[in-house]
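Q: I am new to this structure and would like a close look at a single part of it. Please keep the account plain and give the cut-offs behind the terms.

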Amino acid sequence: MKKIGFIVQFLCLALFSFGQSAGDGIRFIEGEKWENVLKMAQEQDKYIFMDCYTSWCGPCKALAKDIFTRKDVGDFFNANFINVKYDMEKGVGKDLYKQYKSNIIGFPTLLLINKEGKVMHQMAGFQEADVLIAGMKAGKEGKSLFACRDRYEAGERDLAFLKEYVAALEGAFLKDDIEKIVLDYMNTIPVEKLQEKEIWDFVGAFIKNPYSPQFDYVIFNIDRLAHKVKFDRYNVERQLSWALEKAVDRVVEIKFDENGVPLRLVAEQGKIDTLLRLIDRGNLKRAETYRAKIKIYELELAQKWNEVYESQMMYRDIKALGYSDRDLDETARYLAAYCQDKGIIEKYLVLIEGLQKEEDKGSAKLKSNYYGTLSVLHAKLGNNAKAKEFKKMDEKIRAEKAKEFESFLKKSE
């Protein structure tokens with residue numbers, strides 16, 4: 001009887017699969033035992049397309065509503081694959097998640113699996129119809145992510161293949177792998193090759209390291225490149241500016257230990273010289289901000305504390321440091337640790353007190369908290385009672401924010 005029952009079940013599944021060739025959209029088998037799906041794949045000699053989703057996943061719902069229901073998508077997938085979908089948090093899906101966890105980097109994950117149950121190709125995230133079809137078609141034709149990976153590890157490096165490999169990685173949302181491949185390729189070609197449109201289109205978006213020869217070449221030849229490659233100059237300049245800002249911030253940033261004590265700044269003259277050279281040449285929109293940050297950093301290194309204060313006040317007045325007072329707060333903490341001039345500490349105390357008063361008067365729900373900085377400044381000036389008072393206030397506010405965040409997480413579950 002059990003054997004007859006299985007045959008009936010198997011025939012029903014086979015008939016369902018046969019019916020997939022007609023109608024709009026992908027016709028999925030949902031929640032079926034995995035061993036039965038594998039038997040169907042073996043019987044029909046087809047790959048299995050598996051939609052790995054969860055009930056709370058927005059992109060999963062968008063795929064199901066807007067992409068899987070399309071006729072062109074249905075025509076391709078119904079003709080070529082056995083299509084199944086599983087909620088990875090329920091029933092059979094929970095076991096399949098454990099089995100294929102190494103291939104599921106998030107939701108949705110879309111797997112192409114052979115009749116032996118081995119993953120041959122993977123994609124992740126919301127995919128437009130043409131991208132989804134092209135990706136799974138490539139996987140079916142042996143141009144899968146894993147086949148490309150094998151070819152790459154075997155030493156294949158021609159540009160046409162690398163573009164194919166990167167396309168597979170994009171579909172799988174493996175951004176770190178893409179960057180490594182592109183950067184490795186970029187380091188094998190002369191910088192002058194960036195003038196070739198095909199090469200620029202492949203590597204241009206990854207030129208983000210100000211200390212690289214490629215970045216230097218683009219900054220110093222941007223007019224020629226814009227003419228030859230016909231790129232969007234606004235986007236390229238924004239990319240260069242963002243990269244320079246991050247590099248400047250990494251050099252001048254005041255870092256703190258686990259107890260909130262600022263670490264001494266380290267001289268990085270070689271990097272500073274390179275960055276200033278690029279900033280001066282690039283003529284980018286936020287160049288004055290970068291120069292201002294570097295100037296304050298150099299004054300802090302030289303322990304010219306009065307000039308640090310005067311420069312910060314000047315840059316603040318002209319908005320050269322942006323619209324945030326985070327830099328002032330961090331500098332005040334740094335001076336409290338390393339400056340012995342109490343006159344300068346008192347100036348920063350007045351400044352930070354003013355910032356806190358403004359925050360206290362404001363009606364915004366998310367307020368900045370300078371009480372911790374006020375505590376260390378008072379301690380530096382020997383006013384221990386005030387230091388303890390502000391430390392308690394800082395700890396109270398931090399505890400309240402932590403509690404609010406914990407409550408938010410619970411509501412989000």
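Which residues of H18 are buried, and what covers the buried residues of H18?

A: This is a predicted model, in which local features need pLDDT of at least 70 and side-chain atom pairs count only at pLDDT 80 or more, while totals for chains, interfaces and linings use all residues. Residues are numbered from 1 along each chain as its sequence is written, and side-chain values use heavy atoms, with hydrogens and water left out.

Helix H18 runs over residues 342-361; helices here are DSSP runs of H or I with at least four residues, strands are runs of E with at least two, and both are numbered from the N terminus. The 20 residues of H18 reach 28 Å from first C-alpha to last, close to the 28 Å expected, where the expected span is 1.5 Å times one less than the number of residues.

The buried residues of H18 are Ile344, Ile345, Tyr348, Leu349, Leu351, Ile352, Leu355 and Gln356. Buried means under 20% relative accessible area, exposed over 50%, and partly exposed in between, with a 1.4 Å probe and protein chains only. An α-helix has 3.6 residues a turn, so residues three or four places apart point the same way. The cover over the buried residues of H18 includes helix H16 (305-317), helix H17 (326-338) and helix H19 (371-380).

Phi of Gln303 is near 60 degrees, a positive value in a residue other than glycine. Most residues other than glycine have a negative phi, and most peptide bonds are trans. Gln303 counts as partly exposed because its relative accessibility is 42%.

Phe173 is another non-glycine residue with a positive phi, about 65 degrees, and lies in the loop between helix H8 (159-171) and helix H9 (175-186). The peptide bond from Phe107 to Pro108 is cis, with omega near -5 degrees. Pro108 sits in the loop between helix H5 (91-99) and strand S4 (109-113).

Key. Contact means heavy atoms within 4.5 Å.
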